[in-house]
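Here is a short briefing on one protein model. Keep the structure open as you read, and find each residue as it comes up.

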Amino acid sequence: MNHDHSKKIPDGASFDRSGSQDSLDELSMDDYWKELENIHETRGNNHEERVALVVKEPDEGELEEEWLKEAGLSNLFGESSGDSLESMVFLSTLTRTQKAAVEKRVETVTQTMRKKNKQHQIPDVRDIFRLENDSKGKVCDGSEPSAVRTSENKNETLDGTKGPKFSFGTDEQKSLLEDVPSSDTDINLEISFAEQAANLKDSSVGKMYKGGGGDTLLPNFRLPKDKTGTTKIGDLAPQDMKKVYSLALIELTALYDILGTEFKQQKAVKIKTKDSGLFGVPLSLLLEQDQKKVPGTKIPLIFQKLIAQIEETTLETEGLLRIPGVATRVKGLCQELEAKFYEGTFNWENVKQHDAASLLKLFIRELPQPLLTVEYLKAFQDVQNLPTRKQQLQALNLLVILLPEANRDTLKVLLEFLQRVIDHRDKNKMTLKNVAMVMAPNLFTFHGLGSKTIEQSEFAMAAGTANVMRFMIQYQKLLWTIPKFIVNQVRKQNTESQKKEKKDKAMKKLLKKMAYDREKHEKQEKTPNDTDVPQGVIRVQAPHLSKVSMAIQLTEELKAGDIVARFLSQKSGNVQTLKKEEVFLYEIGGNIGERCLDDDTYMKDLYQLNPNAEWVIKPKQS
């Protein structure tokens, strides 16, 4: 198979190699084409015919209907469309651009339903947002979707009462965005990415920075310190992560809308797959069988073992990941692993390092659905089309949040391993660019989604996906962060939901009875430790430690890590000793379900954001 693309590309073909492609040319793409050739050769040696994954082309309006369901807004249309109160709280927390994205999809579904004469109540999209605005005492004036107004007082809740101030990137934030000085390399997580893009577009039409430069010069992006703490994926309770998912989907769509890039989730038609084994088994099924062997494992055991096998030799081997194993030997090892891995009789001493690397890449390629999922693979590829590197990074951040947990956890372990390989680049000659070139075909040229494309677009996609791969490796620590504006939206939703519950008459009656019973019980059993906590003091519980409770005076400089250290210094009795890296301070209740705090969280600032929370020190659940 000939991959000499210096010959294949037509004369005069022009590519925009600034910005996302970073001046990658045919010569620098050699590793990519060689890897692609190795992949085709491996598939050619596999005489078992693979069933190609079929991607269903959605009917008109079907895509938008599915999108609304994924965003948790299915009650805006169809049989339950009359019950829009359920979505009112959610809609009230959306930014201007997020609302515009929802309106656009609801309008498409509405028009489609009318065309098909579906016997459902079909609301006018303007009515949906008018209802939401009426709840604040404001009526939408029918202006353009991008100009949907939000409450003038961002500190005011739906019932008019005051609460902690949350910022989402709405009109008020426009001036804030302009006033706050920020470096080109600072990633602003406090203001909606789509709002930032809209503001940049309005203020510098046609002059959006493309971030040119040599392909080795990626910006040193960083997250400015947030005094209320950085929230990572895995820090929030499942009920709040569900809200994060819906908001991330809407935000990503709004960002793509603002930047003029089409966002379409693809849908795979279900096909028959292997129900046991190692290679070609769905990730969820593989983890199911692995958890019977190792309870609680989140990464496929074979994936972990292959990485360990590669690292066991040394990561200084020249051409690691680039030089393929011997194809016939790799095929034989694959078959032997299928038969002996779970029995524990496979002899790993027979596995050469390059063969193990080839098996690792084979595992990724043989997944029945891509590691980046059928739904979002194209969106990952399209990141290369966004105008600026910062926007590309923002989109990748949201896409990582949208991945299923098993895919996201496996991707994280892969990226961390790839970075360790790159750390030895002086010896193994595998730079960030080299590793990205080799790995991109394994993640992006999925066997079930392959299509014959013209040579020019094939080159453009190759260069683009290699750059997306570089971004994921280089900025992996940033990608697993949940933006603060999304966490604030979750807090706002929780606050409003609690207020709505309290307004329910039956609930009020029940709460009154419960409060009476609780007060009676507390009067009977109150102890000195349960006395009211003075202003500016929080009570921290630590059921797993020697000192199970402590009143902590809040100061400007007190951090979460300081509180954990104070508890750990109180050693007494026979309680099992836990290390500092094993326990964390949690913010529980109030306007959040549960949140694991990073050590640098300033407690006084967080307390002001969530004064009704409880504070507990405990081990982090894996």
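Lys 429 is partly exposed, because its relative accessible area is 46%, which falls between the 20% and 50% cut-offs. This residue sits in the loop between helix 17 (425-428) and helix 18. Keep in mind that the model is predicted.

- Most residues other than glycine have a negative phi.
- Lys 429 is not a glycine, yet its phi is positive, about 65°.
- Thr 373 also has a positive phi, of about 70°, and is not a glycine either.
- Thr 373 lies in the loop between helix 13 and helix 14 (374-382).
- Is Thr 373 buried or exposed? Thr 373 is buried, because its relative accessible area is 5%, and the cut-off for buried is under 20%.
- Asn 612 belongs to the loop between helix 24 (603-609) and strand 9 (614-619).
- Asn 612 is exposed, because its relative accessible area is 63% and the cut-off for exposed is over 50%.
- Asn 612 and Ile 592 are 20 residues apart along the chain, and their C-alpha atoms are separated by 9.8 Å.

**The whole protein**

- The protein has 24 helices and nine strands.
- It is made of 622 residues, and 50% of them count as buried.
- Look at the contacts in the protein with a separation of 6 or more: 77% of them are between residues 24 or more positions apart.

**Helix 9 and Ser 246**

- Helix 9 covers residues 238-258, and Ser 246 is found in it.
- Helix 9 has 21 residues. From its first C-alpha to its last it reaches 30 Å, close to the 30 Å expected at 1.5 Å a residue.
- How many residues of helix 9 are buried? The count is 15 of its 21 residues, so helix 9 is mostly covered.
- Ser 246 is buried, because its relative accessible area is 9%, and that is under the 20% cut-off.
- Which residues does Ser 246 touch, leaving out those up to four places away in sequence? They are Glu 70, Ala 71, Gly 72 and Phe 90.
- Gly 260 follows helix 9, and its phi is positive, near 75°.

**Helix 13 against helix 18**

- Two packed helices are described by the angle between their axes and the distance between the axes.
- Helix 13 (residues 353-366) packs with helix 18 (residues 432-444) at an angle of about 30°. Their axes are 8 Å apart.
- That angle makes helix 13 roughly parallel to helix 18, because angles under 35 degrees count as roughly parallel.
- On the helix 13 side, Lys 361, Ile 364 and Arg 365 make the contact.
- On the helix 18 side, the contact is made by Val 438, Met 439, Asn 442 and Leu 443.
- By class, this contact has four nonpolar, one polar and two charged residues.

**Cysteines**

- How many disulfides does a search of the whole structure find? The search finds zero.
- Cys 334 counts as buried, because its relative accessibility is 14%, under the 20% cut-off.
- Cys 596 counts as buried too, because its relative accessibility is 2%, again under 20%.

Technical notes. Residues numbered from 1 in each chain as written. Predicted model: local features only at pLDDT ≥ 70, side-chain atom pairs only at ≥ 80, totals over all residues. Heavy atoms only, no water. Helix = DSSP H or I, 4+ residues; strand = E, 2+ residues; numbered from the N terminus. Buried < 20%, exposed > 50% of the residue type's maximum accessible area, 1.4 Å probe, protein only. Contact = heavy atoms within 4.5 Å. Expected span 1.5 Å × (residues − 1). Disulfide = S-S within 2.5 Å. Axes fitted to C-alpha atoms, helices over the stretch in contact; angles between N-to-C directions. Parallel < 35°, antiparallel > 145°, perpendicular 65-115°, else oblique. Nonpolar A, V, L, I, M, F, W, Y, C, P; charged D, E, K, R; others polar.
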